[in-house]
Amino acid sequence: MPAAVLLAWQLTVSALPPSRFDELTPGRLRAELTPLLPVPAHPYPPDHTRSAPRPPGATREFLPPGRGLLDEVDLYRLC
């Protein structure tokens with residue numbers, strides 16, 4: 001049961017509301033964006049999402065736009 005509580009917590013705190021996503025503009029430094037991002041990032045993106053191409057040397061994070069635990073999960077991919 002503790003694992004389920006931890007998972008539920010991770011999924012709810014990793015949300016990035018659409019209004020906050022609109023504040024993230026391409027070309028900004030990670031240090032500028034860090035205060036706008038939730039911690040932690042979405043812990044379990046689907047395999048097809050993780051395998052998508054990314055820019056060389058980039059790190060990726062996946063963030064859902066909402067906090068609903070039972071909703072279908074759409075993710076923002078930030079590189």
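Mentor: The largest pocket holds about 300 Å³ of space. Keep in mind that this is a predicted model.

Trainee: What lines the largest pocket, and which residues lie nearest its centre?

Mentor: The lining has 15 residues. Nearest the centre are Arg28, Arg30, Leu33, Leu78 and Cys79.

Trainee: Which elements give two or more residues to that lining?

Mentor: Helix H3 (30-33) and strand E2 (76-78).

Trainee: And how does the lining of the largest pocket split by class?

Mentor: Eight residues are nonpolar, three are polar and four are charged.

Trainee: Let's zoom out. How many helices and strands does the protein chain have?

Mentor: Four helices and two strands. Along the sequence, the pattern reads α-α-α-α-β-β.

Trainee: What share of the chain is buried?

Mentor: Of the 79 residues, 24% are buried. The chain exposes about 5,600 Å², and carbon and sulfur atoms supply 61% of that area.

Trainee: What about contacts with a separation of 6 or more: what share comes from residues 24 or more positions apart?

Mentor: That share is 50%.

Trainee: Now the core. Which residues make up the largest nonpolar core?

Mentor: There are eight: Leu16, Leu24, Leu33, Leu36, Leu37, Leu63, Tyr76 and Leu78. Leu33 and Leu78 also turn up among the residues nearest the pocket centre.

Trainee: Take Leu37. What does Leu37 touch, leaving out residues up to four places away in sequence?

Mentor: Leu37 touches Leu16, Leu24, Leu63 and Leu78, plus Arg30 and Glu61.

Trainee: Switching to loops. Where is Ala15 found?

Mentor: Ala15 is in the loop between helix H1 (2-13) and helix H2 (18-21).

Trainee: Is Ala15 buried or exposed?

Mentor: Ala15 has a relative accessible area of 4%, so Ala15 counts as buried; the cut-off is under 20%.

Trainee: Why does Arg60 count as buried?

Mentor: Because its relative accessible area is 18%, and buried means under 20%.

Trainee: What does Arg60 touch, with residues up to four places away left out?

Mentor: Thr49, Arg50, Ser51, Ala52, Pro53 and Arg54, then Arg77, Leu78 and Cys79.

Methods. Residues are numbered from 1 along each chain as its sequence is written. This is a predicted model: local features need pLDDT of at least 70, side-chain atom pairs count only at pLDDT 80 or more; totals for chains, interfaces and linings use all residues. Side-chain values use heavy atoms; hydrogens and water are left out. A nonpolar core is a set of buried Ala, Val, Leu, Ile, Met, Phe, Trp, Tyr and Cys residues joined through side-chain atoms within 4.5 Å. Buried means under 20% relative accessible area, exposed over 50%, partly exposed in between (1.4 Å probe, protein chains only). Contact means heavy atoms within 4.5 Å. On a 1 Å grid over the protein atoms alone, a cavity is a set of points where a 1.4 Å probe fits but cannot get out, and a pocket is an open set with protein on both sides within 12 Å along at least five of seven lines; lining residues have an atom within 4 Å of a point. Grid points are joined across faces, edges and corners, and a volume is the space filled by probe spheres set on the points. Ala, Val, Leu, Ile, Met, Phe, Trp, Tyr, Cys and Pro count as nonpolar, Asp, Glu, Lys and Arg as charged, and the others, Gly among them, as polar. Accessible areas come from the Shrake-Rupley method with a 1.4 Å probe; for residues, only the protein chains shown count as cover.
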